[in-house]
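Here is a friendly briefing to read alongside the structure.

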Amino acid sequence: MSLSSIDRVKIDSSDDGIFYQSPRFVHHLSDSFRKRLTNLYSNYLCDHNTILDLMSSWVSHLPTNIRYKKVIGHGMNESELEANNRLDTYWVQNLNTIRNIPLEDSSIDVGLIVAGWQYLQFPERVSLELSRVIKSNSLLIVSFTNRAFWTKSPNIWTNSSEEERIEYVKSVLNKNGWRIEKIFNEQTYQNSLFGFYNSQSDPFFSVVARNNKSNN
C-alpha cells in the first residue's frame with residue numbers, strides 16, 4: 001500500500017506538541033483490552049529482553065510479575081513518561097516531524113506499539129527505523145482498538161474499516177523489512193451487573209511481525 005498526501009492529512013494539522021502538552025492520566029483502553037494485551041505480552045516477552053515501548057504513556061501494560069532487562073519508552077508527554085514506573089529510560093519526540101529513532105542499530109529485542117500507529121503520518125519511515133534498531137529475526141507487536149483521538153489520526157486511519165486498518169498495518173510492515181507472524185482479531189468482554197452477564201468491550205487487534213532484515 002502506498003500512501004498519498006491526502007491519506008496522511010489530519011483534521012487537526014496544528015502542532016502535535018500542543019495537543020499532547022497536558023498529561024492525560026487516564027486509561028484510553030478498556031480494562032478487558034488491557035488485560036488481553038498484558039496476556040499477549042506474557043506469551044511473547046522474556047525477562048532477558050530489552051524492550052522498546054514506542055508511543056507510550058504513563059502505563060506500558062507489561063506483566064507485573066516480570067522485570068525485563070531494560071524498558072525504553074518514547075512518547076509525546078514527559079510527565080506521563082516520568083510517571084511510568086516500568087520505564088528505565090525514555091525520550092520525547094514527535095515521530096510525524098522527526099522520524100529517526102535515536103537508538104543504536106540492533107539494540108532492541110522487542111518493539112511494542114499500542115494505540116499509537118493510528119497517529120503516524122509516515123509509518124513507512126518509522127517501520128524502517130524499527131527494523132534498524134530491533135535485532136534481526138526479533139519481534140514488533142502493534143496493537144490497537146477502535147478508539148483514537150480522531151482529529152489527530154490521518155485520513156488513512158479514520159476513513160478505513162477495522163479490517164482495512166489491520167491490512168494497512170500489515171501492508172506497511174511487509175514492505176519495510178517485516179514478516180507478519182500472527183494476527184489477533186478478537187472481541188473483548190467486560191463483566192457487568194455484578195458479573196451476571198458480559199457486555200462487549202473494546203475489540204482487540206494486534207499484528208505480530210518479525211524483523212526480516214539482516215542487521216546483525
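Let's start inside a helix: Val126 is found in helix α4. Please keep in mind that this is a predicted model.

**Val126 and its surroundings**

- Is Val126 buried or exposed? Its relative accessibility is 2%, and Val126 therefore counts as buried, the cut-off being under 20%.
- Leaving aside residues up to four places away in sequence, Val126 touches Leu54, Leu95, Ile101 and Leu120.
- Between Val126 and Arg210 the C-alpha to C-alpha distance is 15 Å, while the two are 84 residues apart in sequence.

**Nonpolar cores**

- The largest nonpolar core is made up of 33 residues. Those with the most contacts inside this core are Leu52, Leu54, Trp117, Leu130, Val169 and Leu173.
- At least two residues of this core come from each of β1 (50-54), β4 (108-114), α4, β5, α5, α6 and β7.
- Which element gives the largest share of this core? That is α6, with five residues.
- Val169 touches Trp117, Val142, Phe144, Trp157 and Val207, when residues up to four places away in sequence are not counted.
- Another core, of 21 residues, lies apart from the largest one. Leu37, Val114, Phe184 and Phe204 are among its members.

**Salt bridges**

- How many salt bridges does a search of the whole structure find? It finds 14. As a general point, side chains of opposite charge can pair when their charged atoms come close.
- Glu129 and Arg132 form a salt bridge through their side chains, at 3.0 Å from N to O. These two residues sit three apart in helix α4 (residues 123-133), so about one helical turn separates Glu129 from Arg132.
- Within that pair, Glu129 is buried at a relative accessible area of 8%, whereas Arg132 is partly exposed at 23%.
- Arg147 pairs with Asp202 in another salt bridge, with 3.1 Å between the closest N and O atoms. Arg147 is in the loop between β5 (134-144) and α5 (155-158) and Asp202 is in strand β7 (residues 197-211), so this pair ties together parts that are 55 residues apart in sequence.
- Arg147 is partly exposed, with 36% relative accessibility, while Asp202 is buried, with a relative accessible area of 8%.
- Lys170 and Glu167 also meet in a salt bridge, at 3.3 Å from N to O. Both belong to helix α6 (residues 162-174) and are three residues apart, about one turn of the helix. Glu167 is partly exposed, at 42% relative accessibility.

- What is the volume of the largest pocket? It holds about 640 Å³ of space.
- The largest pocket is lined by 35 residues, of which Tyr20, Met55, Ser56, Ala115 and Tyr119 are the closest to its centre.
- Sorted by class, the lining of the largest pocket contains 14 nonpolar, 14 polar and seven charged residues.
- The second largest pocket has about 250 Å³ of volume. Its lining has 14 residues, and Val59, Ser60, His61, Leu62 and Thr64 are the closest to its centre.
- Helix α2 (residues 31-44) gives the largest share of the lining of the second largest pocket, with three residues.
- By class, the lining of the second largest pocket is split into four nonpolar, seven polar and three charged residues.

**Positive phi angles**

- Ser106 is not a glycine, yet its phi is positive, at about 50 degrees. Ser106 is located in the loop between β3 (89-92) and β4, and it is buried, with a relative accessible area of 12%.
- Asn137 is likewise not a glycine and has a positive phi, of about 70 degrees. Asn137 is part of strand β5.
- Is Asn137 buried or partly exposed? With a relative accessible area of 42%, Asn137 is partly exposed.

Conventions
Residues numbered from 1 in each chain as written. Predicted model: local features only at pLDDT ≥ 70, side-chain atom pairs only at ≥ 80, totals over all residues. Heavy atoms only, no water. Salt bridge = Lys/Arg side-chain N within 4 Å of Asp/Glu carboxyl O. Helix = DSSP H or I, 4+ residues; strand = E, 2+ residues; numbered from the N terminus. Buried < 20%, exposed > 50% of the residue type's maximum accessible area, 1.4 Å probe, protein only. 1 Å grid on protein atoms, 1.4 Å probe; cavity = no way out; pocket = protein on both sides within 12 Å on 5 of 7 lines; lining within 4 Å. Points joined across faces, edges and corners; volume = space filled by probe spheres on them. Nonpolar A, V, L, I, M, F, W, Y, C, P; charged D, E, K, R; others polar. Core = buried A, V, L, I, M, F, W, Y, C linked by side-chain atoms within 4.5 Å. Contact = heavy atoms within 4.5 Å.
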